[in-house]
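Visitor: I would like to examine how the elements of this model are arranged. Please guide me through it by question and answer.

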Amino acid sequence: MIDGRIGRVRVRVRTDSPDAAGIRSAAERIVRAVLERCAALLEQRHPGRIVLIRRLPLRWQINEEAADDAQVEALAAGAADLIEGMTARSSDPSPASRDHVVVFDDEAHLRTSHLLALAHGHADWWHAVLEEEERVGGDPLETLAAPERLPTGRAVLLRLAREGGLAEVLAAHPAGAADLASTLDCLRPVAPEAPAGAENHRAELAAMASRWPLLPPGALMLALQTQAAVLLGSSPDAPAAVALAARVWDDGRRPDGAGGALAERAAIVSDGRTPPQTAARTPGKSSAVTVARGKRPVSRRTRFGGLFYLLGLADELDLAESLWKACLPEGAILAAAAAALLDRAGAGDPAPALFGGVKAARACPAVSPEQLAEVAGAVCAGLASALLRRGLASIPPLRVALAEHASGRLLAAAPESSPFAFFVWPAATPDVLAAGMTALLDAWPRRGTITATPALAALDATGRLRAGRDPAPAPLFLPTAGTAPAAALLALIAGALCGLFAARAQPDPHAD
């Protein structure tokens with residue numbers, strides 16, 4: 001259950017009475033009673049609904065001669081009416097513009113929002129009500145596996161399935177998913193015959209499952225039964241849902257079945273194997289890249305075919321779209337970042353130009369501070385989301401430091417011992433530096449640890465930066481450019497691509 005709670009109350013009392021201390025004590029007692037009664041009124045009006053308010057200023061005029069109960073009831077009703085008016089203008093809890101109040105239908109709605117936010121790497125302020133529970137109990141799915149929370153857990157799973165994020169959340173929390181699957185007895189069901197109507201959704205469920213991330217067998221069957229229940233409009237343990245999930249599971253055991261190699265994908269996770277991957281070519285060998293020009297393909301020879309493994313990540317991070325939104329030539333900048341990565345070894349090689357889709361790789365185009373600000377926030381936030389996607393990596397601790405560069409001083413945030421920066425910003429003046437710190441903290445998820453030197457940590461008014469020792473920082477990849485914004489942008493683009501690639505190349509943190 002999500003109990004009502006209040007983080008901090010500030011009471012300011014204005015009175016002409018000589019007994020100011022007594023008046024203040026009485027006022028605090030009345031405020032406590034009013035807020036408790038207000039919560040009860042809201043629950044009566046909208047049972048089960050959860051309203052989270054970041055800041056609620058109230059100004060009351062209290063008649064000392066009136067009965068306390070009458071004052072409490074009147075003030076509580078007024079506060080409840082005010083909150084209802086606020087919630088009427090805030091029906092959607094997802095946009096970041098909901099600065100002061102968000103509304104959830106029930107606890108399952110709130111927990112679904114929290115799990116999806118964690119899977120995407122960016123929890124919001126309204127999820128703080130669950131963060132303390134997560135710190136104490138660990139995995140948020142393990143919490144839902146407790147017997148007393150199973151009804152809420154089932155509701156959360158169904159809601160995740162309806163919103164298309166069930167498999168992604170289960171992959172991000174493998175331990176909790178295993179607990180839930182065990183508690184709900186989602187072993188391989190035996191259902192030789194599916195009830196009438198279930199067969200109509202067999203191919204649809206198999207197509208959905210083929211797009212899911214790799215899941216252990218128990219979690220996979222949990223996802224299949226839950227998604228089957230959504231398709232059939234039933235409960236996950238209904239015979240029709242169990243039978244449909246079993247048929248798709250059995251189909252997946254046959255290479256020619258509707259589900260493809262579904263069971264094999266589950267077995268890969270179960271016994272610790274990793275999916276087969278194509279080995280990248282070494283830079284020392286020449287490979288061919290074919291470019292379509294009209295009806296006639298043109299083949300180019302390059303020694304850096306491995307560079308093109310980053311193209312998929314560039315697409316996943318929406319780098320071109322972020323650059324385009326900032327009115328920057330995306331192809332030219334991607335090509336310049338690729339040329340910076342290859343450095344002198346890539347001089348004369350067509351790979352950077354092909355990577356950006358331009359005729360030739362040239363120096364980075366002009367970048368204004370405003371354009372950098374727009375791209376830096378989007379790329380940093382997108383990188384955090386991509387790290388957690390499909391459970392392939394985790395949010396690493398970042399270290400923030402100032403780096404001297406030929407174009408000017410830069411603020412850079414990178415994983416410890418990594419040369420690839422996840423955030424870069426000019427830092428020529430205190431005001432610009434402070435703006436960069438704010439942009440970093442806005443983009444990076446709150447669950448991520450950020451360490452800085454004591455001097456930099458002192459600039460953070462939110463308290464999120466942890467002051468740490470100032471050891472010799474790992475050399476960062478900071479390409480040469482004509483201006484500090486251009487250098488920061490190239491470092492950010494290259495750092496996001498290589499940092500994500502390196503994070504996913506590490507051993508699975510959830511593997512035994």
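Visitor: At what angle do helix α9 and helix α10 pack?

Guide: Please note that this is a predicted model. Two packed helices are described by the angle between their axes and the distance between the axes. For α9 (residues 202–210) and α10 (residues 217–232), the axes lie 11 Å apart, and the angle is about 135°.

Visitor: Which term describes how α9 is placed relative to α10?

Guide: The packing angle of the two helices is about 135°. Angles over 145 degrees count as roughly antiparallel and those from 65 to 115 as roughly perpendicular. The angle therefore makes α9, relative to α10, oblique.

Visitor: How many nonpolar residues does the contact of α9 with α10 have?

Guide: From α9, the contact involves Glu-204, Leu-205, Met-208 and Ala-209; from α10, it involves Leu-224, Gln-227, Ala-228 and Leu-231. By class, one of these residues is charged and one is polar, while the nonpolar residues number six.

Visitor: Which residue in β7 is the bridge partner of Leu-411?

Guide: Strand β6 runs antiparallel to strand β7 (residues 423–426), and four bridges join them. Within this pairing, the partner of Leu-411 is Trp-425.

How values were computed:
Residues are numbered from 1 along each chain as its sequence is written. This is a predicted model: local features need pLDDT of at least 70, side-chain atom pairs count only at pLDDT 80 or more; totals for chains, interfaces and linings use all residues. Side-chain values use heavy atoms; hydrogens and water are left out. Axes are lines fitted to C-alpha atoms, for helices over the stretch in contact, and angles run from 0 to 180 degrees between N-to-C directions. Angles under 35 degrees count as roughly parallel, over 145 as roughly antiparallel, 65 to 115 as roughly perpendicular and the rest as oblique. Contact means heavy atoms within 4.5 Å. Ala, Val, Leu, Ile, Met, Phe, Trp, Tyr, Cys and Pro count as nonpolar, Asp, Glu, Lys and Arg as charged, and the others, Gly among them, as polar. Two strands pair if DSSP finds at least two bridges between them.
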